[in-house]
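This report goes through selected parts of one protein structure. Please keep the sequence and the 3D view open while reading.

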Amino acid sequence: MASPGPRVLVVGGGIAGLGAAQRLCSHRAAPHLRVLEATAGAGGRIRSERCFGGVVELGAHWIHGPSQDNPVFQLAAEFGLLGEKELSEENQLVDTGGHVALPSMIWSSSGKSVSLELVTEMARLFYGLIEQTREFLNESETSVASVGEFLKKEISQQVAGWTEDDEDTRKLKLAILNTFFNIECCVSGTHSMDLVALAPFGEYTVLPGLDCILTGGYQGLTDRILASLPKDTMVFDKPVKTIHWNGSFQEAAFPGETFPVLVECEDGARLPAHHVIVTVPLGFLKEHHDTFFEPPLPAKKAEAIKKLGFGTNNKIFLEFEEPFWEPNCQFIQVVWEDTSPLQDTALSLQDTWFKKLIGFLVQPPFESSHVLCGFIAGLESEFMETLSDEEVLQSLTQVLRRVTGNPQLPAAKSMLRSRWHSAPYTRGSYSYVAVGSTGDDLDLMAQPLPEDGTGTQLQVLFAGEATHRAFYSTTHGALLSGWREADRLIGLWDSQVEQSRPRL
């Protein structure tokens with residue numbers, strides 16, 4: 001017999017959708033709940049793969065700001081997925097300012113080692129300027145529109161003061177700064193910092209705590225949430241075609257009942273619901289919002305989807321027989337000496353895509369393999385997805401031979417990479433507040449439909465990292481947004497129960 005409770009459909013089985021489902025399942029209204037996931041697995045942009053004799057993260061890599069205010073950290077701790085070091089109070093108190101740790105080794109494109117002292121000096125300058133961007137928060141007028149323009153303007157003034165440096169040192173400093181721009185593109189998930197809006201940039205909130213990984217894989221977390229849901233809640237390989245809302249739909253399976261929403265799936269299935277929580281990535285909405293909702297979204301919401309940024313940040317894992325890096329090395333930074341943030345290079349992607357690579361993270365040692373993880377963002381990252389494995393491997397082998405100054409360096413024996421831009425239900429990695437948009441657009445993304453209060457309330461709700469004003473682009477932002485929408489529904493049901501109680 002069908003459950004008498006409200007029928008709720010969650011579209012998307014990432015951490016936002018799973019979090020919403022878990023919260024709703026425990027409510028006394030006993031909702032009839034289904035999570036519709038377009039792919040064959042849960043987790044969305046959390047994707048751990050068993051590879052090279054260990055686990056690597058193709059999607060979310062770290063818990064950013066693992067401390068008491070981070071619900072992902074709290075859940076991971078509750079599920080016993082974190083080690084002693086990660087759980088230590090000391091770790092939770094570290095304030096990184098959200099910046100990437102300094103590299104252990106720095107190689108230049110001419111095969112020379114770059115002094116850590118010089119890199120530290122440039123890091124201090126760059127991150128000092130990033131901190132200054134917070135000063136523009138909520139200013140209606142800024143002299144420049146983007147974070148990139150602000151940084152470049154300030155750096156130009158600094159360069160004028162580098163009088164004691166010779167020409168080569170000046171060039172090297174600018175090349176190091178260029179690497180920091182590329183790192184920031186990876187952090188923001190954008191092609192260029194010129195695309196990131198300056199005024200709202202400081203609204204993104206960094207939680208304290210030293211970023212940590214889940215040794216057994218990030219997916220352990222989503223797997224545990226999935227396991228806690230009632231059997232058959234999750235439906236895989238079920239892409240949604242159109243969400244029909246603001247209607248009165250009848251289905252043979254529910255005689256005499258009408259529903260305000262009907263979800264039409266790609267396979268022809270038609271599922272009626274009282275409420276639908278949409279948790280699909282912003283990249284997917286950018287491509288499909290005009291056909292995904294019927295009637296179309298209100299103009300303001302459609303505009304917010306268009307204006308907000310959604311970029312690509314990919315990883316390339318390389319496995320080596322023997323490490324060619326020093327034993328305690330954690331991060332190898334690569335500096336391209338012919339680059340500068342103050343110069344625009346209009347070279348073909350074919351010849352230069354790999355210059356956007358910020359360097360390589362040394363993965364924790366696996367059984368018998370040694371693995372590096374390269375990060376690359378933007379159009380170069382999207383171009384990389386179009387190349388064959390052989391082409392990528394060949395390019396990176398040449399890069400590594402060049403920067404180590406060892407033309408005989410053996411090629412990696414195997415490779416694995418992410419391709420988030422090509423993934424049809426994702427179309428990129430995560431959101432940022434682009435020039436022309438503000439934090440208000442993230443709030444607009446989160447507004448349920450119908451907006452005007454007419455018709456049945458809370459028909460279509462929205463969750464996902466691009467709907468959280470302070471924590472967009474993070475897994476904790478996504479999880480909190482799922483909980484937020486579940487709580488919105490629970491509030492509605494509780495108020496309905498209150499209203500239906502007889503007055504004494």
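## The model

The structure is a predicted model. The values in this report should be read with that in mind.

## Helices H1 and H8

Two packed helices are described by the angle between their axes and the distance between the axes. Helix H1 covers residues 15-25 and helix H8 covers residues 219-228; their axes come within 9 Å and cross at roughly 30 degrees. Angles under 35 degrees count as roughly parallel, and H1 and H8 are therefore roughly parallel to each other. Their crossing is left-handed.

On the H1 side, the contact is made by Ile 15, Leu 18 and Gln 22. On the H8 side, Leu 221, Thr 222, Ile 225, Leu 226 and Ser 228 take part. Sorted by class, the contact of H1 with H8 has five nonpolar and three polar residues, and no charged ones.

## Helices H6 and H7

The crossing of H6 and H7 is right-handed.

H6 contributes Gly 148, Leu 151, Lys 152, Ile 155 and Val 159 to the contact, and H7 contributes Arg 170, Leu 174, Leu 177 and Phe 181. Six residues of the contact of H6 with H7 are nonpolar, one is polar and two are charged.

Ser 188 also belongs to helix H7, which spans residues 167-188. With a relative accessibility of 10%, Ser 188 counts as buried, because the cut-off for buried is under 20%. Apart from its neighbours within four places in sequence, Ser 188 is in contact with Met 193, Phe 201, Tyr 430, Ser 431 and Tyr 432.

## Aromatic pairs

How many aromatic pairs does a search of the whole structure find? The search finds 18. A pair of aromatic rings is described by the distance of the centres and the angle of the planes. For Phe 254 and Phe 259, the ring centres are 5.3 Å apart and the planes are at 70 degrees, so this pair is edge-to-face. Phe 254 counts as buried at 12% relative accessibility, and Phe 259 is buried with a relative accessible area of 1%.

Phe 292 and Phe 293 also form an edge-to-face pair, at 5.3 Å centre to centre and with 85 degrees between the planes. Both of these residues, Phe 292 and Phe 293, are buried. They belong to a cluster in which ring pairs link Phe 284, Phe 292, Phe 293, Tyr 425 and Phe 462.

## Helix H14 and Asp 441

Helix H14 (residues 439-446) is mostly covered, with six of its eight residues buried. The buried residues are Gly 439, Asp 441, Leu 442, Leu 444, Met 445 and Ala 446. What do the buried residues of H14 pack against? They pack against helix H9 (282-292), helix H10 (299-307), strand E19 (460-462) and helix H15 (475-500).

Asp 441, found in helix H14, has a relative accessible area of 5% and is buried. Not counting residues up to four places away in sequence, Asp 441 touches Ala 304, Lys 307 and Leu 308. Asp 441 and His 275 are 166 residues apart in sequence, and their C-alpha atoms are 23 Å apart in space.

## Two buried loop residues

Glu 37 sits in the loop between strand E2 (32-36) and strand E3 (48-51). Is Glu 37 buried or exposed? At 8% relative accessibility, Glu 37 counts as buried. Leaving out residues up to four places away in sequence, the residues that Glu 37 touches include Gly 12, Gly 13, Gly 14, Asp 237 and Lys 238. From Glu 37 to Glu 139 there are 102 residues in sequence and 41 Å in space, C-alpha to C-alpha.

Gln 363 lies in the loop between strand E15 (359-362) and strand E16 (370-377). Its relative accessibility is 9%, so Gln 363 counts as buried. Not counting residues up to four places away in sequence, Gln 363 touches Val 56, His 61, Phe 317, Val 371 and Cys 373. Gln 363 and Phe 471 are 108 residues apart along the chain, and their C-alpha atoms are separated by 26 Å.

Definitions and conventions: Residues numbered from 1 in each chain as written. Predicted model: local features only at pLDDT ≥ 70, side-chain atom pairs only at ≥ 80, totals over all residues. Heavy atoms only, no water. Axes fitted to C-alpha atoms, helices over the stretch in contact; angles between N-to-C directions. Helix = DSSP H or I, 4+ residues; strand = E, 2+ residues; numbered from the N terminus. Parallel < 35°, antiparallel > 145°, perpendicular 65-115°, else oblique. Left-handed = near helix turned anticlockwise from the far one by under 90°. Contact = heavy atoms within 4.5 Å. Nonpolar A, V, L, I, M, F, W, Y, C, P; charged D, E, K, R; others polar. Phe/Tyr/Trp six-rings, centres within 6.5 Å; stacked < 30°, edge-to-face > 60°. Buried < 20%, exposed > 50% of the residue type's maximum accessible area, 1.4 Å probe, protein only.
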